[in-house]
Structures are given as structure tokens and as C-alpha cells.
Amino acid sequence: MVEAKQQALHGARVFVTGGTGAIGGRLVERLVLERNAHVSVLARNLSRAARVARFPVALYKGEVTDPQAVRAAMRDCDFVFHCAYGNAPDPAVQRRVNVDGTHVVLDAALQLGVRQVVHVSTCSVYGFVPPNGKIDETAVRRRSGNVYADTKIDAEALALSYARDKGLPVAVVQPTAVYGPGLPVWTNSVLGRLKRERMFLVEGGEGLSNAVYVDDVVDGMLLAAECPEAAGEAFLLSGPDLPSWREFFGAYEAMLGVRATVPASVDEIAAHWRAWEREQRAPSVFLEPWRMLNEEKTVRKRIRRTREVQYLLAAARAMKGRLRGAPNPKPPTRRRGAPMRRDPAQEQAPLQPISPEMLNFFRARTHFETGKAQRVLGYRPRYDLTRGMRMTQRWAEWANLLK
């Protein structure tokens, strides 16, 4: 039965938003390689499309919030995967992409008669810090004040309303902590931090990570697109095992050959955060004059008129003129064998502060269940932590991220 459903995407025309991201990019690769699909990708920035441009895909430049651009890229497509999300620091921009963008995509799919839409949500709709214990799709969606999580609640509700009220076949998938090649939060960022900092393990890292390898997530997305019974439903997607944060971060430490995690109690980590906050608020003798200059336009003008500053500006203009047209100097080369980074195991490596929100996140012992995805979609996650991290390490070595 599952094999029969999997024929639906073969040779189909498919539209993907967020196709230049890590999850969307892997989805595009597999659609082309495994389903021989004809894929259209909407990209806000074409310079980030190198990964998917290796394949015969149709690339469209545009914003997911632009109805005209979305309709042009979606035209004649049978399936839609909405993977795009907002990650800008401005909450208004995040809301515009996550909620308004979803509305634009769903509206276009309804107008163009798309066969099935898969909307990518997140397990964070159950609370950025979800309750301990087992959680499935019947759990209450909980607002937490986290912009990403809260806007995803609104976007998911919108998607399900299109299925319920307008008859648009929309399935929602809710991945947990996704890691793997190119994943910005749970792979790239973790590797970078472990190389330059020490990280706290909250309560020894006993909290549950609910880690899921990227290919298991893509499996769930493909199954949701090819299953008509998935329309109007939400599905949690997580890995086959339930590793702790100690095991999760420990796998990255093993890749790097470092010991950069520090077990600590909640009280110790909270005290460290408070000390760090006090340090950030305290004025600096070096930074405070610059802040004053930035805030006081009159002071800036008066200093700019002084003889010394006028002399320095003239000298800078003269130097710029002499250098114009000169060949760019070669960057300095690193002495062979010289260390590329500071060893995070050393005592002087900084300890990364953990905010109260993230402190509670890392101590949570939530178990997201995938029983519904298994029953309805035939979802069978293939990558436990050992296998997933082995694949991630191969990619990280290729990407030169382990030195």
C-alpha cells in the first residue's frame, strides 16, 4: 500500500518554498534523484541556490510573501512543499514570512488546484519549552512568547483551516530537533560553538533532545505528500531513538576530538547568566565614548570640525586615491602545523551563557511520539543517533568544519 502511494510524486511537477535551505534543499535533491520530479524552487536570494542549481530545477527569484511571484513559480504544479520560514531578528519580519507567506502559498495552491500541499511546521507549537512526558498531535498548542514558535502556531492553524473550511488538501508535518548536513541550528551552530567555547550541560545533559536526522524528516514529508488521508492532519516527525542532550552534544565532541561541555546544575547556570547580564549592562570605558558619539549628533559635528580629525580625513582620502587600482594583497598564510583554533577544553575558553528560556528548554524531558505518522503515513525513521551522526561527520569532514 505504501509503495503504491509512493508513485504519486514520480514525474510530478512540484513547487518548493525554502528550497535553498538545508531541509528544503535535501528535499529537492531527493525529489529529483528518487522521484524524477520536475521541481520549481522560489528563492529570495539566488546566490544561496548553488546546492539545488546542480539539478535540472526551475529557479524563480522572489519573496514567499509576493502573490505574483508565488503563483508564477507554482503554476502547473501538482504538489507543493512549503518549507520557507522567517529567521530575521525583527519579529515583524518573522511574522510576515511565517504567517502572511503561508497565507499567500495556500491561497495560490487553492486557486491553481494543487493536488496536495505539505506545510512544514515544528514541534515547538506545543510550547517552546514543552511539558515533560509523552506528547502527540492531540496535545494543546501553547504560546510561549517565542516569536518563531508562536508564529508557527498561527501558520499551522491557517494551513489546517484551509483543509477544513476550503477543501484544500493540506498536510502538516512537525519535525523535532533536526540535525544533519547544513542544518544551521543543531549542526553548524553546535560545531562552531564547541570549537570556540565551552557549553553547559544542564543537569548533566539528562534532558531529551528528540533529535531527528534530516533524511527522516524528508521521508515524512514525501510520505505526507503521497498520502491522500494525510490532508487536514498534523504529524510529528522524530527519530527512532530518544538521545539525551549529553549524548547529542557528545557526538559532536567526538567528531571534533574535544571535551567542551561542562555539567552544571540549574542554580549554577542561572547564576552564570545573571553575572553575564550584569557585565553586559555595565558601561565600558572604551565603548561608552563611541555610544555617546553615536547618540549625540551635535558632538559628532563638533569633533568632525577639529583640526586633528580634518587632517585624518584628508590623509585617508589621499591614501584611498593612491590605493585605487592597485592589486589586492594576498591574504596572510597560516604557518603549516600552526593551531587553527583555541582548544575549548582549556580553562580560559569562555563558557556560553544560557538564558532562562533555553535553560528550561534543555532540562525538559519531553518525548514526542510518532505513532500517528507511522500508522497513517507508514513513517519509519531510519537514522538513530549513531547512524545520523556518522553521516553528519562525513559531511562535516568534506565541508572542512572539524578543524
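A373 is buried, because its relative accessibility is 0%, where buried denotes under 20% relative accessible area, exposed over 50% and partly exposed in between (1.4 Å probe, protein chains only). The model is predicted, so local features need pLDDT of at least 70 and side-chain atom pairs count only at pLDDT 80 or more, while totals for chains, interfaces and linings use all residues. Residues are numbered from 1 along each chain as its sequence is written, and side-chain values use heavy atoms, with hydrogens and water left out.

A373 belongs to helix α15, residues 371-377; helices (H or I, at least four residues) are DSSP runs numbered from the N terminus. Beyond its neighbours within four places in sequence, A373 contacts F235, L236, L237, G378 and Y379, contact being heavy atoms within 4.5 Å. F235 is 138 residues away from A373 along the chain, with 5.5 Å between the two C-alpha atoms.

A nonpolar core is taken as a set of buried Ala, Val, Leu, Ile, Met, Phe, Trp, Tyr and Cys residues joined through side-chain atoms within 4.5 Å. The largest such core has 79 residues, of which L31, F81, W186 and F248 touch the most other members. Helix α8 (residues 214-225) supplies the largest share of this core, eight residues. A second, separate core comprises 27 residues, including V105, V117, L158 and V170. With residues up to four places away in sequence not counted, W186 touches A177, V178, Y179, W245, F248, F249, Y252, F361 and F362.

Among the cysteines, C77 is buried at a relative accessible area of 6%, and C227 is buried at 0%. Zero disulfides are counted, a disulfide being a pair of cysteine sulfur atoms within 2.5 Å.

Conventions
Helix = DSSP H or I, 4+ residues; strand = E, 2+ residues; numbered from the N terminus.
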